[in-house]
Amino acid sequence: MSASTESAPNPQPPNYPKLTVIVTVLLAIGFGLAYGVLALDKSNKEIYDSKIQTLRDGDLQWIYLGLVLLGRTIALLNFAPAGYKNGLKGNIRSNPFFFETQDQDEKGKRTMVLYQEDGTNGMYNRSNRSVQHLIENSGAFFAMIGPVGFVFPKQTCALVGFFCAGRVMHQRGYSQRYGKHAMGFVLSAFSIATMEGLALIAFLKAQELL
């Protein structure tokens, strides 16, 4: 274990009410971004309105609300375990699991087994951890591309582009060390939140609430 993993562990159980507020605030930001993006696009209002009417006629708007709920649940579930890593510093936080050997020393203690973090092996481990992050966080985003893209195709294409750029930045930064992935995480997270915002707008418009 290198010096970068020196920590003062202070694990905390998940605070689900607080996490609910956090993921709701992120959705509110995404909703605002989505609303702003749509406000800038005046060229296809009639087409958007006709597609919203299609959702209304088929009572399909509830699919969009379901996707928003799925997305926020995935976000909450990914935030929840972070409390158990409270106080850990550096690359050790990239470990999704903490293993231990079966053999014990003379004091009855087992050795903790972590990702190798130094050199190219460490870069390889964190790069693959970034791929795991992608899978863990993005299920609802992938599911929304089709339904949201039907109503708002240009905005969806742009968000997919931002999301992809964010994930590349995330992996490149993570390979160097824990913390350098932050900008990529923020870009991809707000791409997801904005996509959910578009889905929520589609629901509200089809319900004639917006």
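This is a predicted model: local features need pLDDT of at least 70, side-chain atom pairs count only at pLDDT 80 or more; totals for chains, interfaces and linings use all residues.
Entry 1, the helix pair. I looked up how helix α2 (residues 45–58) lies against helix α7 (residues 182–206), and found that their axes come within 9 Å and cross at roughly 70°. Angles of 65 to 115 degrees count as roughly perpendicular, and α2 and α7 are therefore roughly perpendicular to each other. I also noted that the crossing of α2 over α7 is right-handed. Where they meet, Ile 52, Leu 55 and Arg 56 come from α2, while Ala 202, Lys 205 and Ala 206 come from α7. By class, I record four nonpolar and two charged residues in this contact, and no polar ones.

I found a volume of about 940 Å³ for the largest pocket, and its lining is made of 35 residues, with Asn 78, Phe 79, His 133, Asn 137 and Phe 185 nearest its centre. Helices α3, α4, α5, α6 and α7 each give two or more residues to this lining, and α7 gives the most, with eight. I sorted the lining into 19 nonpolar, nine polar and seven charged residues.

I then turned to the second largest pocket, which holds about 320 Å³ of space and is lined by 13 residues, of which Leu 38, Ala 39, Lys 45, Tyr 48 and Lys 205 are the closest to its centre. Helices α1, α2 and α7 each give two or more residues here, and α2 gives the most, with four. I count eight nonpolar and five charged residues in this lining, with no polar ones.

Notes. Residues are numbered from 1 along each chain as its sequence is written. Side-chain values use heavy atoms; hydrogens and water are left out. Axes are lines fitted to C-alpha atoms, for helices over the stretch in contact, and angles run from 0 to 180 degrees between N-to-C directions. Angles under 35 degrees count as roughly parallel, over 145 as roughly antiparallel, 65 to 115 as roughly perpendicular and the rest as oblique. A crossing is left-handed if the near helix is turned anticlockwise from the far one by less than a right angle, and right-handed if clockwise. Contact means heavy atoms within 4.5 Å. Ala, Val, Leu, Ile, Met, Phe, Trp, Tyr, Cys and Pro count as nonpolar, Asp, Glu, Lys and Arg as charged, and the others, Gly among them, as polar. On a 1 Å grid over the protein atoms alone, a cavity is a set of points where a 1.4 Å probe fits but cannot get out, and a pocket is an open set with protein on both sides within 12 Å along at least five of seven lines; lining residues have an atom within 4 Å of a point. Grid points are joined across faces, edges and corners, and a volume is the space filled by probe spheres set on the points.
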